[in-house]
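Got your viewer open and ready? Let's take a short walk through this model together, one selection at a time.

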Amino acid sequence: MHNLNKMAQNLDPNTAIYELPYVILHELSRLLDGTSTQTNWRGLIAAIPEQIYDDITIEHFSLEIQRYGKSPSMALLRDLGNRGRTVKQLISYLDKMHHERALMKIKPHEKLRITQQPRSVAIKAGSETAMLVCNAKGFPYPRYQWFKAFATDEPERKEVSYEEVKNETDRIFKISPVTEESAGAYCCQIYHNFNREPEQVFTEWAYLQVLEVPEERSNNPLNDQPSEKPVIIKQPSSVSVQSGRSVKLECKATGCPAPKYQWHKMAKASGKLEPYPLKDQTSSEFYWAQVNPDDKGQYCCLVYNDVGREWSCTVEILIDSQVSAQGAKETIDIVRHPQSMVCSIGEAVTLACSGSASGQSALLYQWFKDQQEIPGSTSPELIFNAVKPEDRGKYQCRVSNTFITVWSNHATIDMQGVPRPGPAGRQFHATDKVALLIGNQDYRSAQQLNAPELDVGRLSNILFSQCGFKTVTLLNLTLEEMQFAMKAFCELLNNGVYGLFYFSGHGFESDGQSYLVPVDAGSGYSTDECVCAQQVLDLMQSRDTALNVLLLDICRKNNDYSPHASKKYTPQVKGNTVFGYAAQHNSQAYEVKGKPYGIFTEYLIKRITQHIKVSLVIEDVIEDVSQDEDAKDFQFPALSSDLRESRSIMDPIQFRGGHTMEYCHRTQLWTEAHELPESPIWKQFSYGVRVGIQLSARFSNIIDIDVFVADCGAMESCTAQLEEFSTRLDIRVDDTFLNLFNPDEQKSYKVPARKTNIRHLQRLQGDLTATLCVKCRTRDGKLLSMKQQLVIEKPLVAKLWQTKHYALPSEECFPDSTNGSYGDDFDSSMYKE
């Protein structure tokens, strides 16, 4: 055994399986000839991503056991080798099976490294369960043992001793029930043995704080329940599959309440990859019965509950690109495209599409509505037995076979009696479009929310990419930060501009006015520490805008708690304002369990790109919510509008005729507030070590930094991460994978990376600084550490926040202006050079 383990350290991972020494093949076949389908040769076949063996071949393998001195496992291993499979691939299959005994024969030793530290927890006494979670990687697979710390009773000595927590040998440590004696500090010993040499590491200490239960308990039963944000215990894995076959990804998590799942596909928006949710993929298993070449791409899963959320690692679905000579010559022609139609509600309607292929491959059909796949609609005809208002939209059919994909023309289903924008022959336009979206969810003194971050992100993508808005997206703002953001937003508005303000978070009403709650508001929601929506409208109207849209996904329950009478705002009636509320006066807005978005915003996102009057869009949203089985009995959106002209969110931008320079300067200011250095940024270290830093913007005040080792140079192995960040920032770190494109070779590469998510950039003072730390192991086993300073000059809105005045001058202030129309109140001191 000891000698075989030594041999594993010297194996070339690119060696074909049949070239392994016979002693290793013999040991592997002995371990794989067991009866358990989880760890025997049948389990090995199931772990291979492609379905390379049919039932007849598998039966032939099984018959090997009847021949003297033969085994099914040996026959399988030799056949895999003949098919070009390598030791590296075999290791990956056995890893999926978690077959440690077999892996010991061929997999080299991997040093232990902690990938998830346990987090401190505060929980009420008497709760059913508290959980501490850690995770590590390495080979042999890590073992776990939890310890609890105890301080000495002698006051002059400050030593701390710790003792083993009996029977707690899993990465997840559950304490049930939670008592006052449960409080204390805990850590986990992570260890394994290789070649009889022990190796161990200890996690950081996590503190369990047990809170006393007050005598007068809250009426809210949720207060008595234990809570724990989701922890992913099984990450999805990349797969390679042939077109037309089924595909399955799996992500499992723990948490309390039980986690929910939403799978996403990564797609490009404004030059960067963003996750987009996939309809009906809301279980721990992602499954498609038939994949298509267009399904190739990156996927990840959002796991969430009432306490928090976690993203899985990003994996790839690869479509087998081996095309036969016949397939390379095949073509598909659409011989019948679906036709647009106007119909009555309740009418039976059918959209039809048919294709003709030059080869023998069967054609596959998949229908889409508004660019979203319609689950189960995989026949040439899409049949509506009785159309409903929500069926109105744009449809398209994807036709494919193993080799080719083509798309039909778009077809629109519209309903009779729905008013369309504008009088005949009149087209409204905007001189520009600017949107401010704020999502508050991490409240200091109020219930934490789940939906705002996702709501803001998805709505912003649509407003930017489909509606032409310059969007500013901000997450978790204090009162002072909200006031500054609104001031900067309104200074970008001017005559003829469409302004849109969206807020998702806590809210209330007082004295007939709506208030938006910042994250630093105290309990009780005094009007003095919140933002009045009518004040926002007042600021927008003062800029002589052509359209003001305020969309408030908030509760509007009456709350008259205030030390004194609140200021009354009375915006003018100008006939250019639309208020869309998630709730009627004195009612509430909700997040529904199992849905990653707020109810109001979920339907708003579906409707906002309609080419109809803005007030009609809100009416459609109200109707959608009224028909939602989860919401119709308790959430009631509302509309308030004095819009006299049929202006639409989708109206085109026309800035000529006195607005050209103003438009260009506004674009410049908006661009400066969203600038990032070109990336990757390359850092060269001693010994030929080369590290890359990839930058991307998640929100206007949130940046993602991926750090990866591009070249280990003369080192055996290297890892890189960022440390010692600028203060006042919220730093979140996880391990992921990054796709890099090499223009010299015209290829992309997937590399392990450490993703750092940096929030609250508006609180940055000066430049964003961090220390890039590289830890290396030399070829003779020595450890080295090297550091360099990383400086990112005022990224994203940090530049805006550190500028006192960031106002837009009116058109008449430009030397070449031809049509001044903004009055005489421009203050040149507010113009930023």
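**The whole chain.** Keep everything displayed for now, and bear in mind that this is a predicted model. The protein chain holds 15 helices and 47 strands. Of its 833 residues, 50% count as buried. If you draw contacts between residues at least 6 apart in sequence, 70% of them join residues at least 24 apart.

**An open sheet.** Now select strands E43, E46 and E47, which form an open three-stranded sheet in the order E43-E46-E47 with antiparallel pairing. Strands E43 (717-723) and E47 (783-792) are at the edges with a single partner strand each, so one side of each has no neighbour in the sheet. On average, neighbouring strands here are turned by 20° against each other, direction ignored. Zoom in on E46 (residues 768-777), which is joined to E47 by 10 bridges. Pick alanine 770 there, and you will find its bridge partner in E47, leucine 790.

**Into the cores.** Which residues have the most contacts inside the largest nonpolar core? Select Leu436, Phe501, Phe503 and Leu552 to see them; this core has 44 residues. Helix H10 (residues 479-491) supplies its largest share, six residues. Center on phenylalanine 501 and show its surroundings: among the residues it touches are Ile438, Met486, Phe489, Leu516 and Met540.

For the last stop, select Leu459, Val625, Leu643 and Ile649, which belong to a second, separate core of 39 residues.

Notes
Residues are numbered from 1 along each chain as its sequence is written. This is a predicted model: local features need pLDDT of at least 70, side-chain atom pairs count only at pLDDT 80 or more; totals for chains, interfaces and linings use all residues. Side-chain values use heavy atoms; hydrogens and water are left out. Helices (H or I, at least four residues) and strands (E, at least two) are DSSP runs, numbered from the N terminus. Buried means under 20% relative accessible area, exposed over 50%, partly exposed in between (1.4 Å probe, protein chains only). Contact means heavy atoms within 4.5 Å. Two strands pair if DSSP finds at least two bridges between them. Axes are lines fitted to C-alpha atoms, for helices over the stretch in contact, and angles run from 0 to 180 degrees between N-to-C directions. A nonpolar core is a set of buried Ala, Val, Leu, Ile, Met, Phe, Trp, Tyr and Cys residues joined through side-chain atoms within 4.5 Å. Lists of a residue's contacts leave out its neighbours within four places in sequence.
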